[in-house]
Each structure stands twice: as structure tokens, then as C-alpha cells.
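This briefing is for a reader who is new to the structure shown below.

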Amino acid sequence: MEKMALIKRWVLTSLALTALSNSSLALDTQQLDKQQQAAPVDHLPAFGASLFKGAFKDQPFRGFNSSYLVTVGDQITLQLWGAYSFNSVLTVDAQGNIFIPEVGPVHVAGVENGDLNSFVLRHVKRVFKNNVQAYANLEASQPVKVFVTGYVESPGLYPGFSSDSVLYYLDSAGGISRESGSFIDIKVLRQGKELQRINLYRFLVEGQMPALQLRNGDSIVVGPRQGYVSIEGAVQESGQIEFVGSTTHLGEMLMVAKPDPQANFARITQVIGGEQQASYLPLEEAITTPLHPGAHVELVSDSEISSISVRVNGEVEGPAAYVLPYGATLQDLLDKLRYRDNADPFAIQLYRKSVAKKQKVALERSLDALEMEALTRQPTTTSEKASLKDTASMIQNFIAKARGAQPRGQVVLANNRKSTDILLEDGDELVVPLRASTVSVVGEVIFPTSLVFNERHTLEDYIELAGGFSNNAQTEELVVLHLDGTISRIKERKFDDHLKGVLRPGDEIMVMPKIQASELQVTKDVTEILYRIAVGTAAVLSF
């Protein structure tokens, strides 16, 4: 509690959120690019990237606050009753007037909405001294067209109303460019002069948005992305957080990311003077550490762990979870297990969350690279253009399916005499499988199925028993996933061999799909990803 109180006190007293947008320090652009390119590859999205998904443009604001200033084009409902009756909707003309019968023109432009009724009534009373009452109310604001430009997805001229917020117009333009736009440097210009500077972090963190009244021809300009620091781990909001200046401090960034109460250490990696540096500091010390553009910070809860919990499933008797001392090995856990009669202790499987996470990150990077390769190819002929378009569409569909794959995070224990010395982690899962008697054939075969293991059968026999290869099968190589997590890749010339010692009960014969892409590099990339998914998830993804 004392540590968190110290952090909050330091943050609130020494750093204000306005420093994110009002700092007078200017950062050299070349130095910024150099530092951020040299920093570790970052998979985190920009803070605020989820803001513009259509929620603002689909909900235009038609109401008025009391400080709204009446302007040309606004519509006012006016009712007079008593000795003289009148009921109509009046439009504020180009001179800023509305014309009231028997009263004449009344200049209402610039009058605050909260004062409109009393203002109009005073003018009516100058003519009708007694027995006439008036009620004036804004009916609709002026339709306007506002330029949205700078680092947005679709710069242009967008229609709306003067009462609509800046968020409405930014959303209409597709939002801020995720790769190059700034969330803290947005200007509203009127006749070339700055009317308002907006920092969207104020809206995201505090819910504050300037109440601007836009006019025809106003411009909303999104500036280029500033330096940023990536923060993840024990925080409420991970992401790349912008700042203005040559450096910032972690305390300033945590005003946006908000640390979890249990966070007490920070792992900081950044490039300083062309050299990558890493540090691991208590949070009280880390909050004052200067951070350079491109720095990566991971907040952790590094307490003294005295025990871990490991789940155990499968053919074992006893509890489903074991609490072990911190630093326990796999052998320590195995010594506690009581196997059932049909258990296969030689094919034990260990699954780990941290491994699954790394597998997922590696898969996502491969998919990102494939997407970039496929979508940035430039055709040289008309026929090649059509071919690349078809290939790009096919790859996009494949990538969408591949992103849904969830690696299992299996730690392969086979073929290593010291595997039982591995240290267990909190949250590990140990599976003791049933002694297998079948072989599965999955993927691009006519009838994916499980067959009784026969040591006399070859790979070719199992494929034939599953109906043979489908038309889309990759017949030159098969993948055999063994129960213990190891794999074998079998070339076509060995399909008809008995492969003694390779095929075993519990194996899964995986027939991969044939890749039909016009580009050799794309074919190789897709094939690599398919094999990675097959091994990591024990499933064959179609292409």
C-alpha cells in the first residue's frame, strides 16, 4: 500500500497530463525514427486505436448545450401567444437575424442558447408591452462541411452539424492512422488560424472533450505520430503511448496505462545512444527513470513465490491439481502420481501457457509478414494483375482463419534423458494419456478417421484405409505427430516403407493441403505457417 501511495503521490504532484501535449521540447525527427526503428519489434497497438470503429459517426449529436452560440443557418422555433399569436420555425439568415412579424429583424447570431428565450422575449416586449408572451427554442443546428486532413485514414470534406463533436468528424474520416497518426496532436483551424488543440488522451482517460462549435470550412488536422513508449504486463491498458519531447518518465505514462495494484517492478528495454539497454527496477525507482522513444516497459508483480499449482489430467488417480514448492521439478510431480492400469507414462504431455503465448506471437508475426508480402506485390502486366488480385484474396481468407488458431503450448519431453529435471511453472498442465491403440489420419484425405494400429501397415496403407488423398492434398510429404509431442516429416519415397520405429500407436498422420499460389515465396511462407499450425495445434488448416 505504501508503494502504491508513493506512486500516486508522485504522479499527481509532479506530472500533469497536459505535459503530453504542451511540452515545449522539440524532438528531432531523424533521431526519433532511428531510436524507434532500433527498438525491439512491438506487437502492441497504439493507445486509443480502438476508439474509431464507427460509434461516433453513426451517432451524430443533435442536442445543444447552454453555451452553444446561435449561428447562421440555425433553426429556431418561435411561439407567441396572448394578444398576438404566432408559431413558426425561423432560420437565422446570412446577417444573423430572424424576422418576427410585427417586431422586425432580431439579431440572434452569437447569443448563447441558454439566453436565447429571454433575449427574444425582450425584443418582443419592445413592441408588445402587455399581454404577449414568447417562447424561443433551438430546433436544429446549421449543417456544415468540415475538412478532416493530416494523418487520418481517409482525408476529405465531411458533412455534419455545427453541434457535432470533433470525434464525429474524425470517425467519419476512418479515424486516426494507426501507423502514423497522433492521438495527442490534433488541431482545429478556422481561416488558417488555430482555434483549438486537442489531446485525445484527455478524453480516453478523463472523459474530457472540448465543446467546440464548428463552422463551414473549418479544418481538423491530425499531426504526425510523436515518440512513444510501449507498456504491457501488470497494467490496466497495454499499448503504445505517445509523448511530446525527447524523453519522458514512466510515471507520466502510467497516468494513461494505469498500473495494477500488485505491480511492483518494471522491466525496461530501450535504445540509448545507438545501444540497446535493459534494466529491472523496483517501481518506485522506475517511475523517475527517463524513457526514450521506442522504449518497451513491462510491469510485473515480482513477489516471493513460495508455491505453484499444476493441473494433472488423464489416466491418474488422485487430485486434479497439485500444489508444489516453488522450484519443483517435473520429477517431483511424477513421484506423487498414481497411474491407472491403462496409462502410458512414456507419453506424458506437458502444456505451458508461456510457451503457447510465444507460439502465438511467432504465428502472428509470420502471418503479418505473409500479408505484407502478398499485398505489396506490384504487377507488371494486366494478366499478372488479375493473378495477384486472386492470390491476395485467397491469402486474406487464409490469414483470417489462421489467426484463430490457438497453439497448445506443449513442451516436448521425449528424446531427452534430463527432461524430468525441468522446472515447473505455475499454471502448467500435465496430461497422462491412455495407452493408445489407434492411429488417426486427418487433413486432406477422403475420410479422416482413426484406425486400429497395425505394425505391419505402412503410411500408404493408412492413407488408403482413409479413402486416399483428396484432390487438394500435398502428396509429396506427410507429417506424423506423435503422442509425446515429437514430429516426423516423411517424404513421398518412404510412404511404402514399414517405417519401423516411426509409426507408433497414438500417432496422428497429417496430410497437408496443396498450396496453389502463383508466387514461389508466398507458397513457401504459407507452407511454413501450415506446418507451424499443425504442430502447434494438432490440427490441419485448409487453404
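The largest nonpolar core has 51 residues, and Leu 170, Leu 200, Ile 231, Leu 250 and Leu 299 have the most contacts inside it. A nonpolar core is a set of buried Ala, Val, Leu, Ile, Met, Phe, Trp, Tyr and Cys residues joined through side-chain atoms within 4.5 Å. Buried means under 20% relative accessible area, exposed over 50%, and partly exposed in between (1.4 Å probe, protein chains only).

This is a predicted model, in which local features need pLDDT of at least 70 and side-chain atom pairs count only at pLDDT 80 or more, while totals for chains, interfaces and linings use all residues. Residues are numbered from 1 along each chain as its sequence is written, and side-chain values use heavy atoms, with hydrogens and water left out.

- Not counting residues up to four places away in sequence, Leu 170 touches Phe 52, Val 148, Val 152, Gly 175, Ile 186, Leu 200, Ile 220 and Val 222; contact means heavy atoms within 4.5 Å.
- Another core, of 22 residues, lies apart from the largest one and includes Leu 116, Phe 128, Ala 134 and Leu 138.
- Ile 509 belongs to strand β29 (residues 508-511) and is buried, with a relative accessible area of 0%.
- Helices (H or I, at least four residues) and strands (E, at least two) are DSSP runs, numbered from the N terminus.
- Beyond its neighbours within four places in sequence, Ile 509 has contacts that include Val 439, Leu 459, Tyr 462 and Val 479.
- Between the C-alpha atoms of Ile 509 and Val 479 there are 6.0 Å, although the two residues are 30 apart along the chain.

**Aromatic rings**

- There are six aromatic pairs in the structure; rings of Phe, Tyr and Trp (its six-membered ring) pair if their centres lie within 6.5 Å, and planes under 30 degrees apart count as stacked, over 60 as edge-to-face and the rest as tilted.
- One of the pairs joins Phe 47 and Tyr 201 edge-to-face, at 5.2 Å centre to centre and 85° between the planes.
- Phe 47 is in the loop between α3 (29-38) and β1 (75-82) and Tyr 201 in helix α6 (residues 200-206), so this pair ties together parts 154 residues apart in sequence.
- Phe 47 is buried at 7% relative accessible area, and Tyr 201 is buried at 0% relative accessibility.
- Tyr 84 and Phe 128 are stacked because their ring centres are 5.2 Å apart and their planes are at 15°.
- That pair links the loop between β1 and β2 (86-91), which holds Tyr 84, with the loop between α4 (116-125) and β5 (132-140), which holds Phe 128, 44 residues apart.
- Phe 128 has 17% relative accessibility and counts as buried.
- One aromatic cluster is formed by Phe 52, Phe 56 and Phe 203.

**Backbone with positive phi**

- Most residues other than glycine have a negative phi, and most peptide bonds are trans.
- Glu 102 has a positive phi near 70°; this residue lies in the loop between β3 (97-100) and β4 (104-107) and is exposed at 56% relative accessible area.
- Gln 191 has a positive phi of about 55°, sits in the loop between β8 (181-190) and β9 (193-198), and is exposed at 78% relative accessible area.

**An open sheet**

- Five strands form an open sheet with mixed pairing, in the order β20-β18-β24-β22-β23; two strands pair if DSSP finds at least two bridges between them.
- β20 (321-325) and β23 (410-411) are the edge strands, each pairing on one side only.
- Strands β18 (residues 307-314) and β24 (residues 429-432) pair in the parallel sense over four bridges.
- Opposite Gly 314 stands Val 432 in β24.
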